[in-house]
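Opening the notebook on this one.

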Amino acid sequence: MTITLVTTSFMALLLLALSYRVSKVRLATRTSIGDGGHADLQRANRVQGNFTEYVPLALILIGLLEYSRVSVYLVVGLAALLVVGRVLHAIGLSMNTDSNPFRFLGTLFTWLVLLIGALVGLLAGYGLAPITG
């Protein structure tokens, strides 16, 4: 479970960075609960919230695939795609534009991890994945 451990550790550090940003904006706007109508705080909250919505399931999938002895290359590939995707997404959502390539790629990479992980997990779960061993 080394791949999942390392990936989860990277994700924990990124979550801490995103949480720090929320706290920093809260202090600057003197807002303890909610967003107080501050656009910067709304954006920081959404970056952190989006992370916490997608990353746990992706990590569970990666961990279960690793545990199920799915190809190490596939598991490493999904883990790397998740890390890169979440960093890009955080950068993109942190920008003051509604749409940009960082956000798009971050979303795409995260969705690909979930889609590929789910499909391979179903195949492996039914013993149909030729990449298991």
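This is a predicted model: local features need pLDDT of at least 70, side-chain atom pairs count only at pLDDT 80 or more; totals for chains, interfaces and linings use all residues.

I started with F104, which sits in helix α4. Is F104 buried or exposed? Its relative accessibility comes out at 55%, so I put it down as exposed, the cut-off for that being over 50%. I also checked F104 against G85: the two are 19 residues apart in sequence, and their C-alpha atoms are 9.3 Å apart in space.

Staying in α4, which covers residues 101-125, I looked up L122. L122 has a relative accessible area of 51%, so it goes down as exposed too. L122 also turns up in a nonpolar surface patch of about 730 Å².

Next, N50, in helix α2 (residues 39-67). N50 has a relative accessible area of 11% and is therefore buried, the limit being under 20%. What does N50 touch, leaving aside neighbours within four places in sequence? I get R86, H89 and L93.

α2 packs with helix α3 (residues 72-94) at an angle of about 175°, the axes being 10 Å apart. I therefore noted α2 as roughly antiparallel to α3. On the α2 side, the contact includes R43, V47, N50, Y54, A58 and I62. From α3 come, among them, V75, L78, L82, R86, H89 and L93.

Note on methods: Residues are numbered from 1 along each chain as its sequence is written. Side-chain values use heavy atoms; hydrogens and water are left out. Patches are made of residues with over 30% relative accessible area and no salt bridge: like charges are joined within 9 Å, nonpolar side chains (Val, Leu, Ile, Met, Phe, Trp, Tyr) within 5 Å. Accessible areas come from the Shrake-Rupley method with a 1.4 Å probe; for residues, only the protein chains shown count as cover. A salt bridge is a side-chain nitrogen of Lys or Arg within 4 Å of a carboxyl oxygen of Asp or Glu. Helices (H or I, at least four residues) and strands (E, at least two) are DSSP runs, numbered from the N terminus. Buried means under 20% relative accessible area, exposed over 50%, partly exposed in between (1.4 Å probe, protein chains only). Contact means heavy atoms within 4.5 Å. Axes are lines fitted to C-alpha atoms, for helices over the stretch in contact, and angles run from 0 to 180 degrees between N-to-C directions. Angles under 35 degrees count as roughly parallel, over 145 as roughly antiparallel, 65 to 115 as roughly perpendicular and the rest as oblique.
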